Amino acid sequence: MIPLHGPHYEDLSAGQVLPRQPSVAIDDGMAALYQSMVGERLPMTLDPAVFEAVSGRPGRLASPALVMHLSIGHSTTLTRRVIANLFYREVRFLRPVVVGQSIATTVTVAALADSRPKPGRPHRGKVLVDIETTADGEPAITYQRAPMLPQAGDEQPGHDDDLGTSPPLELASYAALVPADWDFAPLGPGTDWQPGDTVEDPCREVVDNALGLVRLTNNLALVHRDAAASPYPERLLYGAHVVGLAQASLSRALPGMATVVGWHGCDHTGPAFEQDVLSFRHTLLDATPAGSGRVFAVQVEGFAHRTAEPDHILDWTVMAAAP
């Protein structure tokens with residue numbers, strides 16, 4: 001059993017499966033509340049008629065960012081004491097999730113590596129975690145994340161596992177995740193966005209409802225709830241809150257965006273806080289046909305405007321499906 005005050009780094013071992021958090025059904029109220037927090041423009045999350053026209057089935061798409069938030073929230077059984085999340089890697093949305101489905105998540109420790117000791121600083125360690133999230137019992141998302149956790153004791157356990165690196169981007173493998181029977185025609189004519197071109201979103205975002213999103217998604221990380229647990233003078237914003245706003249920005253930049261089928265990588269390059277003013281820019285890396293539409297590999301960068309020179313806080317490579 002993992003106690004409420006942990007786990008600490010030395011409590012973990014490779015292959016360990018963490019206790020599951022309660023499963024969560026995504027209902028209309030949750031979808032509406034999330035939409036009010038981020039303001040996405042994904043047609044299939046907003047209008048059941050569009051979802052049915054594209055997918056051929058009744059219902060409404062659950063925002064892939066909301067599903068990911070719930071998955072990450074489930075994974076915080078391991079990261080109550082998290083110092084920082086180093087990366088997300090190889091996020092794959094194996095199937096679309098619709099409003100009404102129930103989300104559950106399994107969290108498994110894959111590897112551990114002691115951090116380099118520093119004089120005057122308590123020991124800490126890096127943990128590579130395998131995560132699988134299901135929708136109504138069927139696999140829906142798989143990925144890895146790498147939190148840094150503190151130690152409670154004075155002696156390092158001596159872990160030195162290889163946490164690996166991200167494989168090269170293979171866009172075709174993400175294109176295979178787009179449902180072959182989707183008809184993208186109802187989403188419009190698409191875009192002539194060319195690889196290498198950058199779109200600056202002029203719509204800047206003020207971060208609010210930080211605690212609301214943490215609670216909505218059952219995120220247990222103390223650093224996002226209590227300034228006393230933060231390495232900064234205030235609560236640290238939950239990093240994927242920035243990603244949710246970034247996905248909303250991408251939905252403005254990419255006409256007819258249907259859904260997200262993967263994250264090739266996601267690095268939080270700087271901290272964010274409630275009431276920060278954020279901006280996003282989107283650079284198309286590549287695109288490839290996928291069914292009747294395309295998959296776009298986009299590098300999304302986020303900036304916090306606190307002084308005259310904005311701080312770079314997000315580097316996210318996302319795979320979006322669109323006409």
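Mentor: Start with charge: Lys and Arg count as positive, Asp and Glu as negative, while His and the chain ends are not counted. Each charge is placed at NZ of Lys, CZ of Arg, CG of Asp or CD of Glu. On that basis the chain has 23 positive and 37 negative side chains. The centres of the two sets lie 4 Å apart.

Some ground rules. This is a predicted model, in which local features need pLDDT of at least 70 and side-chain atom pairs need pLDDT 80 or more, while totals for chains, interfaces and linings use all residues. Residues are numbered from 1 along each chain as its sequence is written, and side-chain values use heavy atoms, without hydrogens or water.

Now the overall form. The chain contains 7 helices and 11 strands. These are DSSP runs numbered from the N terminus: H or I for helices, at least four residues, and E for strands, at least two. Along the principal axes, the C-alpha atoms fill a box of roughly 60 × 50 × 40 Å.

Of the 323 residues, 53% count as buried. Buried means under 20% relative accessible area, exposed over 50%, and partly exposed in between, with a 1.4 Å probe and protein chains only. Contact means heavy atoms within 4.5 Å. Among contacts with a separation of 6 or more, 76% link residues 24 or more positions apart.

The part to study is histidine 282. It sits in strand 9, residues 277-290. Histidine 282 counts as buried because its relative accessibility is 0%.

Which side chain makes a polar contact of 2.8 Å with that of histidine 282? The partner is serine 249. A polar contact is a pair of N or O atoms within 3.5 Å; within protein, one must be able to donate a hydrogen and the other to accept it, and residues adjacent in sequence count only if both atoms are side-chain atoms.

Now its surroundings, leaving out residues up to four places away in sequence. Histidine 282 touches Trp193, Asp197, Thr198, Val199 and Asp201, among others. Its contacts also include Ala246, Ser249, Leu250 and Ala253. Val298, Gln299 and Val300 are among them too.
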